[in-house]
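Biologist: Hi, could you walk me through this model? I'd like the overall picture and then some details.

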Amino acid sequence: MTVSAFAPQRISTCLWFDDQAEEAVNSYVGLFEDSRILDVARHGDAGPGPEGSVLSVTFQLEGRQFVALNGGPNFKSTEAQSMYVRCDDQAEVDRLWSALSADGGTPGNGGRLKDRYGLSWQIIPSALERLLADPDPARAKRAKAAMQKMDKIDIAAIEKAAGEGQS
């Protein structure tokens with residue numbers, strides 16, 4: 001699939017994969033609105049990969065452009081770089097967490113996970129951001145302590161721990 005009528009961004013994030021860029025991108029564009037594959041570049045007869053195999057995939061997630069590169073095993077993804085997804089509610093957290101952690105994904109602490117392709121994600125509800133920035137330092141501290149004990153964020157549990165609505 002090659003779609004060549006797109007305007008590349010001047011600066012895009014490049015996600016490095018061994019050889020599963022196209023499979024990963026197909027998975028990601030199915031999870032987010034306003035997401036699509038823009039271009040698939042394939043190796044020619046000069047290589048370096050097998051002729052016709054995918055070199056890179058340019059795609060959009062919610063209107064932001066990215067490039068997925070099949071660069072081989074030279075570099076590995078690290079949690080130091082991740083996709084940060086701000087979620088509106090618990091249902092969205094649950095849906096994305098389930099999809100991204102499926103089929104070999106691994107949960108991390110505090111809303112972080114690594115998907116089956118090795119890409120790190122932070123699935124963070126906007127309610128958590130609000131609770132961690134609470135003007136009452138005691139409530140913010142309790143919210144942070146509750147979050148640090150979780151893999152997938154549970155908004156209601158953090159609100160309860162923080163004492164939401166209490167002074």
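Biologist: What share of the contacts in the protein chain with a separation of 6 or more comes from residues 24 or more positions apart?

Modeller: Residues 24 or more positions apart account for 59% of those contacts, where contact means heavy atoms within 4.5 Å. Keep in mind that this is a predicted model: local features need pLDDT of at least 70, side-chain atom pairs count only at pLDDT 80 or more, and totals for chains, interfaces and linings use all residues. Residues are numbered from 1 along each chain as its sequence is written, and side-chain values use heavy atoms, with hydrogens and water left out.

Biologist: Thanks! How many helices and strands does the protein chain have?

Modeller: There are 5 helices and 8 strands, taken as DSSP runs (helices: H or I, at least four residues; strands: E, at least two) and numbered from the N terminus. Along the sequence they follow β-α-β-β-β-β-α-β-β-β-α-α-α.

Biologist: And how much of the chain is buried?

Modeller: Buried residues make up 41% of the 167 residues. Buried means under 20% relative accessible area, exposed over 50%, and partly exposed in between, with a 1.4 Å probe and protein chains only.

Biologist: Switching to backbone angles, what is phi of Asp 34 near?

Modeller: Phi of Asp 34 is near 50°, a positive value in a residue other than glycine. Asp 34 sits in the loop between α1 (21-29) and β2 (36-42).

Biologist: Why does Asp 34 count as exposed?

Modeller: Because its relative accessibility is 54%.

Biologist: What about Glu 62, where does that lie?

Modeller: Glu 62 is in the loop between β3 (54-61) and β4 (64-70). Its phi is also positive, near 50°, and at 49% relative accessibility Glu 62 counts as partly exposed.
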